[in-house]
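Please open the model in your viewer and display the backbone as a cartoon.

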Amino acid sequence: MEKSRYIRLSNSYYNQGLIYAKQRDLSACISCLKKALYLNKNNIDSRNLLGLVYYEIGEAAQALVQWVISVNLKPDDNVAQRYIRSVRDKSGELEKVADDIKKYNQALMNLKAGNRDLAIMLLARVADFAPNYINVNLLLSLLYIDNEEYSNAERYLKNVLDVDRYNNVARNYMQAIKEATAVNRKKKREKKRLKNTYSHRSISDDEVIIPKGYNDSIGWQTVLNIGIGLLIGAASIFFIYMPADRAKMTDSHNKELTLLGEKLNESNLKINDLTNSSDELKAEIDRLKESMNTVDEETADKIAQYQLLAGMIDAYKSGDYTNAANLYAMIDADKLIDIDDGSGVSAKAIYNEVSGYMTSEGDSLVMSLGDSAYNSRNYELAIQYYDKSLKLNPANSMALFKKALSYKQLGDVQNANAFFEEVIEI
């Protein structure tokens, strides 16, 4: 009775999520579908719809996870198979998804390291090619808001609201932009008002005040005044102008020296800036080299996985099932990526082809290798084989028991007792 109640509640949440999806309120839709799956993990419709919503907001990896789980729960007549096939068959789709995720993570690392401009560049590159990637657009808009570049922030927030119409985070960012721009407009109006208040106003001709008692001078007085003025002007040439001219020349030289000093200081500052820029470029080059080394390590690790896969298939076909099981346990299936090169060969399909046999028989085969190492007193190697056996079958209590014995032979009583307790619990 209780189980049927949970199923009804799960279906109710699915129906509500479907309504939200039609309204493009994807955030609310995701919340409802997660509740539906919490109440009933076998709700295939909820899981498939959740995958579609994740794919719509740019989270293709999470979408594939939901669809793969759905297919495992219901292998036959499941629309999730078509969804997976559609993503897989799109040329370069999986590679593009992986590249977008890598750039997003790299941007986060740059932000932690203080390289904000480089982070913005990486996020903008992802957002321009994947405008539906909500997390990228939200982070990018937040950075632009912090830089007070509100028009750029609004452009990327619009991408979010086009996909998820009622996204609360995007709406809050929009409100913050609205408030900030309103404050800026108010400051500009206040500044303009103050400028008008204290600005200089020219006086018109009508406002010129003529002193009282002003009369035109008579002719002879004018001539006399002109003569006296000429004598005073001639005397001033020797007593006033010449010393002033020498002082003016001295002042001119001083100004030239001051100007040269300022230019010299500017040149020194530019040299310092160029030196600092050079140091920053060197640091950036070192960081990029380190990043390339990390990429090279990841590539080498993936190549190693394919080498293990090739060795495992070769051993399996030649009948050396023990060695094949040992190699199978060393493969990380998550790092096997199918590349659409037209050959029709699928690394994961090859891996899955022998998975059934290895899952049922591989743990006992690898455990036999551990027994041989144990009998040869090579207890460290024995523990490695027992770990591989447990990886293939975590419920293999015998492998766990022999692992505990190996630790006991090594004198590691603490680990030995811990694994003996696990055996007892099983």
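This is a predicted model: local features need pLDDT of at least 70, side-chain atom pairs count only at pLDDT 80 or more; totals for chains, interfaces and linings use all residues.

Select residues 44-56, helix α3, together with residues 60-73, helix α4. Their axes come within 7 Å and cross at roughly 160 degrees. Because angles over 145 degrees count as roughly antiparallel, α3 is placed in that class relative to α4. The crossing is left-handed. Next, show side chains at the contact: from α3, select I44, R47, N48, L50, G51, L52, Y54 and Y55, which meet A60, Q62, A63, Q66, W67, I69, S70 and L73 of α4. By class, this contact comprises 10 nonpolar, 5 polar and 1 charged residues.

Move to residues 93-112, helix α6, which has 20 residues. From first C-alpha to last, α6 reaches 29 Å, close to the 28 Å expected at 1.5 Å a residue. Colour its buried residues: E93, V97, D100, K103, Y104, Q106, A107 and N110. Just after α6, select G114, whose phi is positive at about 90 degrees.

**Two loops.** Most residues other than glycine have a negative phi. Select E148 in the loop between α8 (134-146) and α9 (150-163); its phi is positive, near 60 degrees. E148 counts as exposed because its relative accessibility is 57%, the cut-off being over 50%.

Finally, select R377 in the loop between α13 (347-375) and α14 (379-392). Although R377 is not a glycine, its phi is positive at about 65 degrees. R377 is exposed, with a relative accessible area of 64%.

Note on methods:
Residues are numbered from 1 along each chain as its sequence is written. Side-chain values use heavy atoms; hydrogens and water are left out. Helices (H or I, at least four residues) and strands (E, at least two) are DSSP runs, numbered from the N terminus. The expected span of a helix is 1.5 Å times one less than its number of residues. Buried means under 20% relative accessible area, exposed over 50%, partly exposed in between (1.4 Å probe, protein chains only). Axes are lines fitted to C-alpha atoms, for helices over the stretch in contact, and angles run from 0 to 180 degrees between N-to-C directions. Angles under 35 degrees count as roughly parallel, over 145 as roughly antiparallel, 65 to 115 as roughly perpendicular and the rest as oblique. A crossing is left-handed if the near helix is turned anticlockwise from the far one by less than a right angle, and right-handed if clockwise. Contact means heavy atoms within 4.5 Å. Ala, Val, Leu, Ile, Met, Phe, Trp, Tyr, Cys and Pro count as nonpolar, Asp, Glu, Lys and Arg as charged, and the others, Gly among them, as polar.
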